[in-house]
Amino acid sequence: MKKEIENKLIDCIGIENVKLEEPMEKHTTFRIGGPADYFLCPQTAEELKAVIHVCKETGTPYFILGNGSNLLVSDKGYRGAVIQIWKNMSEVSVEDETKIRAQAGAQLSKIASCALEQSLEGFEFAAGIPGTLGGAVVMNAGAYGGELKDVLVEATVLDTEGNVRTLKNEELELGYRHSIVKEKNYIVLEAVIELKKGSADSIKAVMDDLKVSKQPLDRPSAGSTFKRPEGHFAGKLIMDAGLRGFQVGGAQVSEKHCGFVVNAGGATAEDVLNLVKAVQKKVQDEFGILLETEIKFLGEF
């Protein structure tokens, strides 16, 4: 059966875009994760539709991967197909002077660079978020007082029936780390954002400040580990609980920003999970607040 599935996938996207038993540590910003049964790299929306059809037809679980941020993959890997859209579906273009259209695999940093080149302001908040536009739409990504819903015009998605649909901002039901895309299991293909003309110098200054001073970019991480509890900041709660630099195996609470768990060297998914649980327990014991994880867990834990 596995050989049959492999052949069907190869028919869809070519042998060079199908890998077997691919280590996910090579494809996550955490640099953690065991092998995926199938690792697929479709080049177009049509190829994406084709491989999803094969997965559904054969009962193969599948997961859509951007650049692997916001994700912890089990040490045992993933029994299914990981479909990566980051490298092949990542075009960015400018429309109508103030609008940027980008494919789902485009990194937010790439879009921010495009905005800077065009002296367009309003996307600075996303310059340091280590993810892709597709994931940002799904989660309504935000940081430093800005969020995607503030600038998003529309998103084109693939629904569960294989239909391509374009949804306006208000139809996407964007809230804190939520969207109808997430709720309905749609797949983002591309999106349009609208910004305002501004000063390139001031835009760059804001981007540089946010990227350099606020995030632990020196070690692998999945981005912000915990959701923001209402009325609080996760990083401050963790710091106030005395957990700055706290470590389990190779996983560590960042000394630079306590809201981030980093791979301090040789961390396993089990290390990260145990660290997360220890942090949640300590913060709940100290402050009566349960920190919810923002990162996704893929595979068996």
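User: Which residues in H1 are buried?

Analyst: Buried means under 20% relative accessible area, exposed over 50%, and partly exposed in between, with a 1.4 Å probe and protein chains only; in H1, Ile5, Glu6, Leu9, Ile10 and Ile13 are buried. They lie on the same side of H1, because they cover an arc of only 135° around the axis, the arc being that of the directions from the helix axis to the C-beta atoms. This is a predicted model, in which local features need pLDDT of at least 70 and side-chain atom pairs count only at pLDDT 80 or more, while totals for chains, interfaces and linings use all residues. Residues are numbered from 1 along each chain as its sequence is written, and side-chain values use heavy atoms, with hydrogens and water left out.

User: What covers the buried residues of H1?

Analyst: Contact means heavy atoms within 4.5 Å, and the cover includes strand S1 (18–23), strand S2 (35–40) and helix H2 (45–58). Helices (H or I, at least four residues) and strands (E, at least two) are DSSP runs, numbered from the N terminus. The face of H1 turned away from its buried side carries the exposed residues Lys3 and Asp11, and glycine 14, which follows H1, has a positive phi near 90°.

User: How many disulfides does the count come to?

Analyst: A disulfide is a pair of cysteine sulfur atoms within 2.5 Å, and by this rule the count is 0. The sulfur of cysteine 41 is too far for a bond, because the closest cysteine sulfur, in cysteine 55, is 13 Å away. Cysteine 41 is buried, with a relative accessible area of 12%.
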